[in-house]
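Dear colleague,

Please find below the structure that I am handing over to you.

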Amino acid sequence: MCLVCACHAALHLGLPGRLHWHRGAHRPGLCARERAGDLGSEAILINIGPRTYFHTCLMVACPVLILTQSSILALLAIAVDRYLRVKIPLRYKTVVTPRRAAVAIAGCWILSFVVGLTPLFGWNKLGEVERAWAANGSEGEPVIECEFEKVISMEYMVYFNFFVWVLPPLLLMVLIYLEVFYLIRKQLNKKVSASSGDPQKYYGKELKIAKSLALILFLFALSWLPLHILNCITLFCPSCQKPSILIYVAIFLTHGNSAMNPIVYAFRIQKFRVTFLKIWNDHFRCRPAPPVDEDPPEEGPHD
């Protein structure tokens, strides 16, 4: 229920920046994290081990990969958006147009589908499973206990997914936010004249938003890196024993990340908190909330 409220709030709320379709429409990329969390039940399902055909199990595993990748690329797009807002505040609205934002969002989803569906194109464990199936004298498509590691190649997860599409974007985002904080601090530390109140207010607001988004990035990395590290151990040290409790904790962290994001939004971003409570009252308590004055549109320091 928390996730449903969060996504509804996101659709009613325009977080700062231009990576949205219009004022009041939230960036589609952000809710990908919530949808990834909703698909967390699939991740649990494929670790319980129901008996299915190989490709059925593979089709259950791939959506989790797609939505996880879309979350990472959405975080990267938002980081670039915040960087442009503090680097070129006067030209931001001419550079980050709705059309370019739409292209960026579409690009993120296209890349996510390519990365997430790569196992369906052949980079999987079908050959290994077919050999074991034939060795038992069985015919037809293999039937297996549906577990993630039985259908998804660890070479794909480590070399392609983690080393190319997870770790580099995370490191790039860290560098971007470090630069954002440096630029904002540099502006805030300048001597303030009587006529420069607006720039100070603008960069102060940007600093608060950047801190909130950096916290979301930190929680995302904290939640997903343990599972990727376990995948590396599986690939590079096949004989190493991984305690089951450690695996389930890593999986639980990935699901828990989805529940943490709405809490972070609610505590750190006032507009989200107000909209969240309004939707909660309207749709769940059937008690309309009193009207709340919206903040004025964001402007640059000298707009």
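I begin with a cysteine that lies inside the protein: Cys 62 has a relative accessibility of 2% and therefore counts as buried, the limit for that class being under 20%. Please bear in mind throughout that this is a predicted model.

Which cysteine sulfur is closest to that of Cys 62? It belongs to Cys 57, and the distance between the two sulfur atoms is 9.7 Å. Cys 62 is therefore too far from Cys 57 for a bond, since a disulfide requires sulfur atoms within 2.5 Å. Cys 232 is another buried cysteine, with a relative accessible area of 12%.

Disulfides

The structure contains 2 disulfides. When the bonded cysteines of the chain are numbered in sequence order, they pair as 1-2, 3-4.

One of these links connects Cys 57 with Cys 146, at an S to S distance of 2.0 Å. It joins distant parts of the chain, as the two residues are 89 residues apart. Cys 57 belongs to helix α4 (residues 54-87), whereas Cys 146 sits in the loop between β2 (143-145) and α8 (148-151). Both Cys 57 and Cys 146 are buried. The link between Cys 57 and Cys 146 is right-handed, with 90° about the S-S bond.

The other disulfide is formed by Cys 237 and Cys 240, with 1.6 Å between their sulfur atoms. The link of Cys 237 and Cys 240 is right-handed too, here with 65° about the S-S bond. Are these two cysteines buried, exposed or in between? Cys 237 has a relative accessible area of 22% and is therefore partly exposed. Cys 240 is likewise partly exposed, at 35%. Both values fall in the class between under 20%, which is buried, and over 50%, which is exposed.

Charged surface

I would also draw your attention to a positive surface patch, which is made up of Arg 185, Lys 208, Lys 211, Arg 268 and Arg 273. With a relative accessibility of 37%, Lys 211 counts as partly exposed.

With kind regards

How values were computed:
Residues numbered from 1 in each chain as written. Predicted model: local features only at pLDDT ≥ 70, side-chain atom pairs only at ≥ 80, totals over all residues. Heavy atoms only, no water. Helix = DSSP H or I, 4+ residues; strand = E, 2+ residues; numbered from the N terminus. Buried < 20%, exposed > 50% of the residue type's maximum accessible area, 1.4 Å probe, protein only. Patch = residues over 30% accessible without salt bridge, like charges linked within 9 Å, V, L, I, M, F, W, Y side chains within 5 Å. Areas by Shrake-Rupley, 256 points an atom, 1.4 Å probe, with all protein chains shown as cover. Salt bridge = Lys/Arg side-chain N within 4 Å of Asp/Glu carboxyl O. Lys, Arg positive; Asp, Glu negative; His and termini not counted. Charge placed at Lys NZ, Arg CZ, Asp CG, Glu CD.
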